[in-house]
Structure formats: structure tokens, C-alpha cells
Amino acid sequence: MIKGHPLKGAFVDFIKEQKGSALFSYVEKVEEGDPIRFYENGKEWYKGERFYFKDRDAERIFAGLGSVSTIQSAKDNRFEDIEAQWDQLMSQASVHNPYDIYGTGPVAFGGFSFDPLQSQGEEWSRFASSFFYVPEMMMTVYNGDTYITVNMICEEQDSELLFDRIEKRKQTILSHMQHPSEKESVLMELRTGDTCAWKQSVQSAVDEIERDDELKKVVLARKVTAVFDGTVPSDRVLRRLDEGQPDSFVFAIEAMDSCFLGASPERLVKKRAQTVLTTCLAGSTARGATAEEDTELADALLNDGKNRIEHDYVVQMIRHEMQKMCHRVTVPKEPVVMKVRDIQHLYTPVIGEAAEEDSILRFVQTLHPTPALGGLPGEKALRVIRELEGMDRGFYAAPVGWMDYRKNGEFAVAIRSGLVVQNEAFLYAGCGVVRDSNPETELEETNMKLRPMLRAIGGGNE
Ligand SMILES: C=C(O[C@@H]1C=C(C(=O)O)C=C[C@H]1O)C(=O)O
């Protein structure tokens, strides 16, 4: 007789029938939950395989621990390949989910690197060019309600032991224990890279745009390296981002001793049944010191020719691609201003209606990279980036997010982000270069965009 959890018997029987190696997943509602705490508490057992994701509206928050299956692809058709592997895993799965809530039950969390053809930087060695975790344990908070999903894959002889082990861990992690907080490390050095050379590459992009009638925009990024006297406490960095950037997507994804994390204002795509939301976000200015100055800056941004053109390239491409994939697309005529803590942007939200069974990955594949992060036209801009940037963006500016077993999900564009590896943090920021760009102004813009991550790692002024 099997005692204890009501699903233990079903699990043991399922594994017996399947002869192992299929996914068993169940969802429970719990009284309350703090996903950041869940993430931190999971460190002891799951360090190196955790994720966190909060959307801009904090409507849905996820924390995932461990990986019962890691889906990876380095193939040319990486989007289709990831989807095929996910379909394969789900086709044999047994899902016990009494809740009709997106983002509960089996979810794969991860992303796709910005450009698999960029030569790989050493700092990104822990990250495959595209990978997703199916967590062993996941907390989903939706509208104040908390759900726990447990996923298990095992061999026949291990099933009872595994079930009990995970159940015990789950209880411990949920029991409000707090992990002893990580030791703060001291920032020793901030290497900003060769800013003159970077400005020179902005000028080269402007020259290229002037020479080539077809090339309209190229987004160039730079990297700043922060060196600490000890391990960078990524859990703390995540907590600071979460508390300090309430209007952004906040994400973290660990891969062994590395953690990529950030607070991005930009949605790539969100899909719920037939509804698809995407974002045009390009054109930037500073926040004002007073409410009045802030409004003046926003008005100036809305009326600035260079920023409007830069923004419009993004709208053109997104509208065009969305019209191919959806039977109805709504795009406002004019952008509005989106304000986040350190910066304001021109923003045009786009809504499409697609077939319910369409996978979110189809939209990710088609939209990434939008001209907000790549340029216009896309392929040509990518070639210029490879030539001028001279670094590996890794997952910076790339799609990071989740998809569920019904092919819904959400992906942010992973900007305002950084990669933490042991005692170093690599922070990235870029900006759209068009015909009228000025290298000095673009450099200042990247400095403004680096601020949230600098503050979160403890290297920036408040
Ligand atoms: C490239 C970045 O941001 C992108 C570029 C913007 C711009 O050029 O105005 C604005 C928002 C983002 O789409 C970044 O933050 O690193």
C-alpha cells in the first residue's frame, strides 16, 4: 500500500507503464508564496539550475528550481528543433493540473542567444546557443494566488524514492526558511572598454548607412566588465533588480556557475490562446530631475525626428511580420512614451489575433531580432554588427522567457542585463544607430542604459 501524497500511486503506476523516462507533472495551490524567497531557498539543492521571471505588470511571476529535462539546440533551425523536442516530451507526459491558469503545469524556461553566428565569447561558455529548463519544482504566482508545479522523470525502480524526496524538499523550501544571505563582495574595478573605439564603430555604422541605400539602422552594443574581490552574489543582485525596477520584466537564468539576469522594459511577445502582444520600443531620452523637466523631455522625444524615424523602422517591420502571421493586427498610429526608472522610450504596443494552436515560438523566431536590437534590414544589419561590435552578445538583447504545454507563454527582450560569472559581471547596453546619429550622444545613451544593472551589482550611484 502506498501512503502519503494522493498522486504518489498515480506516479508510480505511470512510471511502471511507461517503463521510465516520461514526464509526470502535477500542480497544487498553496496558501501564499514569495517567488524570490523560493528562488533563494532553492539554492542549496538547485544552484546552477534556477530561473526567475516576472512580467512588466507583475501579473505572473515564476521561480523554477532544477531541471528534469534540458532542451537544447545548436542547429540552424534551432526554433523548430526546440519546439519538436518540447512536443516530443509533452506527447508522453501525464499532467495533473486542475487549474486553468497559464504558466502552471509543465513550463519550459530559457531562451535563444542573440546571434548563433557571432563567435562565442569565453564568458558565455556555460550557455548553449538555445536552451530551456523544465524545472523539477516551480512556483507560479498569478493575481496573488500561488501554485506549485512538480515535474518528475525517472527510472522505474526509483519512482517511490524520488517522489518522497521531492515532496520533502518542497516542504522544506516552502517552509519560510531563509537561506543565509550571500556575502557582499566589493567592486574592485569597472572596465568600460575602449569608448573611443566604440564611438568610432558608431561612426562607421553611420558611414555604412550613408553609403548603402538599403541599410537604414544598425544597433550597436558595448560591454562593461565589473571585477569584484569575491563571488558576485547573484541572488542579491536579483532581489535588488526586483525591488528597484517594478515596471520591468525581471529575469534570471542560471547555467552552472553563471547567472544571466536583468530588468528589461521590452516585451518580445506574449501569447494567450488567440491573442498575441508584441512591442515596438525604440527611441530614448533621460528622465527629468523634476516632474516638469520629465514631461518636457518626454514631449521633446515624441517630437524628435531622429528618434521617430528610429522608432518607425521597428513599427514597419513588426507590423509587416505580424500581418503575415495573424488575421487581425492593431497598431496605434502614434507612439506614446514609456517611462522606467532611469530612462523614457517611444513605445507602440501591437496586438494580433492568430490561431489558438499557433506556437509562441513561431512568433519568437519571426520577430527576433526586431530592428530595436538588430537593425533594418535585419540580415544586413546583423552582418554589420558582427563586423563592428567585436564581441559576443550571448543572451543580451535576445529572447528570454517561458512557454507552457499549451504553447502559450511570454518572452522579454533581454536588455538592461548582465552576466555574472564568479567574481565578474559583464554588463551590456546598446542603441539604435541611424543616419543622423551622433557617436557621443549614443555613448551617453548606453551609459544611461547601464545604470539599472550597475546599481543592482552595487557599482552605481542611487
Ligand atoms: C539596445 C538597447 O535598447 C534598445 C534600443 C533603444 C534605442 O535605441 O532607443 C531603446 C530600447 C531598446 O529597444 C539596450 O538597452 O541595450
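Two residues are taken to be in contact if their C-beta atoms, placed from the backbone, lie within 7 Å. The structure is a predicted model, in which local features need pLDDT of at least 70, side-chain atom pairs count only at pLDDT 80 or more, and totals for chains, interfaces and linings use all residues. Residues are numbered from 1 along each chain as its sequence is written.

By the contact criterion, Tyr-52 touches Pro-35, Tyr-39, Phe-62, Ala-63, Leu-238, Val-250, Phe-251 and Ala-252, with residues up to four places away in sequence not counted. Tyr-52 is also, with Ala-108, Phe-251 and Ala-414, among the residues with the most contacts inside the largest nonpolar core, which has 128 residues. Such a core is a set of buried Ala, Val, Leu, Ile, Met, Phe, Trp, Tyr and Cys residues joined through C-beta atoms within 7 Å; a residue is buried if 20 or more other C-beta atoms lie within 10 Å of its own, these atoms being placed from the backbone. Buried residues make up 49% of the 462 residues in the protein.

The protein is divided into domain 1 (8-174) and domain 2 (187-248 + 266-456), with bounds that come from an automatic or database domain assignment. The centres of the two domains, taken over C-alpha atoms, are separated by 27 Å. Contacts between them involve 34 residues of domain 1 and 37 residues of domain 2. On the side of domain 1 that touches domain 2, 18 residues are nonpolar, eight polar and eight charged. Here Ala, Val, Leu, Ile, Met, Phe, Trp, Tyr, Cys and Pro count as nonpolar, Asp, Glu, Lys and Arg as charged, and the others, Gly among them, as polar.

Key:
Buried ≥ 20, exposed ≤ 12 C-beta atoms within 10 Å, placed from the backbone.
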